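Q: I have a model open and want to go through it piece by piece. Can we start with the helix packing?
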Amino acid sequence: MAAIQPKISEEKSQTIVSSTKSATLRIKRSSSDGFEKFDQFIVPVEKWTTVLDALLDAKSHLDHSIGIRYSCRQASCGSCGMKINGKPALACFTKISELDSETITIEPMDNFPVIRDLVVNFSRLINNHKKIMPYVIRGDSEITPGTGVRETLQTPEDVEKYIQFSSCIKCGLCNSACPTMAMDTSFIGPQALAQAYRYIADTRDNGKKNRLKIIDESHGIWRCHAAGSCSQVCPKGVDPAMGIQMLRSYLLGIRD
Amino acid sequence: MLMRESIVMKIHYGTALGAVFLVAIHIMMRMTMDFHESLQYENVIANYQMIGYAILLELILVLISVHGFNGLRVILLEMRQGQSYEKGVTYGCIAAMIALVAYGSRTIIMTSMGMV
């Protein structure tokens, strides 16, 4: 990787707001051809200003070329994952007032190829997600009219087994925080493993055998070092590390 | 792929547990005399010639070799990826493990039979 040149430009937003406070955004500008530098922008902030708001302010008034991916602005779509002050987080879910720092360093997520600036390529994450067959597998349909077959009911206890894992928004923060992902380019990753557990733990699903076979290979579940950083950074409260341990217990024959 | 990764890892964990147990026995046996005495030539040879102890040493050799070389394989697989590289690492580690067990076993057998 090319060395980061500390070429810094500093601009100030002309946005008219009630705030007297400001924050300095230190944004990593980079492209897939290896070009890297940091640009600084001073933007006005309020108590409720999120990192995404500040980035969009800088993009609107100071530099239209800043590359950002975003959509819902409410931690639902998983588009605006980035490294904020060294920690993977959603820009729309991180308030500047909670960062306790006047200069906010914003970089693209680790362990993903950079497309431009803060936008990364999600192909590997999506491919691994698809690989574990992220859907309920069963031979029969849920309701067959006229046969007396009814919907597949679940008890609250059944739902409890997987419900937190279904909150995954595929933002990639867990994969970005994973130390194994940084080294092993073939590792399936905590996101896909957590989703494998989500469907295996679902009592309606019959695809357990196939999914366990997919994750039980040399760059599969066994390469997880149980660092737990995936669970720490998840903005939706999913605990991929726990899901991985549960999957391991299936593979070791501790659980059926 | 020679065998499923879960089987390899079961062997990995099993050999670790087995090695800890047997090495603990080995250390306790060393404590039956002073440390410097236990390393004296005659005492070392006497240990090898005790059949039970020779079997214990052979088991420790096998367990640690299997565990250690699989650990090395895992580290090397995480460091770099690629089909031919991974095949080379897997077969290389198996070959190195067999070579080490064979050489160690030769020493144990020859010493316990009084050939040294």
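A: Ile45(B), Tyr48(B) and Gln49(B) in helix 3 of chain B meet Ile108(B), Thr111(B) and Ser112(B) in helix 5 of chain B. Contact here takes C-beta atoms, placed from the backbone, within 7 Å. Helices (H or I, at least four residues) and strands (E, at least two) are DSSP runs, numbered from the N terminus.

Q: What are the classes in that contact of helix 3 with helix 5 of chain B?
A: Three nonpolar, three polar and no charged residues. Ala, Val, Leu, Ile, Met, Phe, Trp, Tyr, Cys and Pro count as nonpolar, Asp, Glu, Lys and Arg as charged, and the others, Gly among them, as polar.

Q: At what angle do helix 3 and helix 5 of chain B pack?
A: About 95°, with the axes of helix 3 (residues 41–49) and helix 5 (residues 83–112) of chain B 8 Å apart. The axes are lines fitted to C-alpha atoms, for helices over the stretch in contact, and angles run from 0 to 180 degrees between N-to-C directions. Helix 3 and helix 5 of chain B are therefore roughly perpendicular to each other. Roughly perpendicular is 65 to 115 degrees; under 35 is roughly parallel, over 145 roughly antiparallel, and the rest oblique.

Q: Before going on, what kind of model is this, and how is it numbered?
A: It is a predicted model: local features need pLDDT of at least 70, side-chain atom pairs count only at pLDDT 80 or more, and totals for chains, interfaces and linings use all residues. Residues are numbered from 1 along each chain as its sequence is written, and chains are lettered from A and ligands numbered from 1 in the order in which they are written.

Q: Fine. How many helices and strands does chain B have?
A: Five helices and zero strands. The C-alpha trace of chain B spans about 50 × 25 × 20 Å along its principal axes. Its radius of gyration is 17 Å, while a compact globule of 116 residues would be near 13 Å. That radius is taken over C-alpha atoms, and the globule rule is 2.2 Å times the number of residues to the power 0.38.

Q: How many residues of chain B are in contact with chain A?
A: 10 residues of chain B, against 13 residues of chain A. Helix 1 (5–30) and helix 4 (51–79) of chain B each give two or more residues to that side of chain B. Helix 1 of chain B gives the most, with four. By class, the side of chain B has three nonpolar, two polar and five charged residues.

Q: Now chain A. Which domains is it divided into?
A: Domain 1 (10–120) and domain 2 (123–251), with bounds from an automatic or database domain assignment. Their centres, taken over C-alpha atoms, are 31 Å apart. In chain A, 14 residues of domain 1 are in contact with 13 residues of domain 2. Strand 5 (residues 87–90) of chain A gives the most to the domain 1 side, with four residues.

Q: What does strand 5 of chain A pair with?
A: Strand 4 (residues 81–84) of chain A, antiparallel, through four bridges; strands pair if DSSP finds at least two bridges between them. Gly81(A) stands opposite Leu90(A) in strand 5 of chain A. The two strands form a hairpin with two residues between them, and Asn85(A) in the turn has a positive phi of about 50°.

Q: And strand 2 of chain A, what does it pair with?
A: Strand 2 (residues 22–30) of chain A pairs with strand 3 (residues 36–44) of chain A in the antiparallel sense over nine bridges. Strand 2 of chain A also runs parallel to strand 6 (residues 103–107) of chain A, joined by four bridges.

Key
Contact = placed C-beta atoms within 7 Å.
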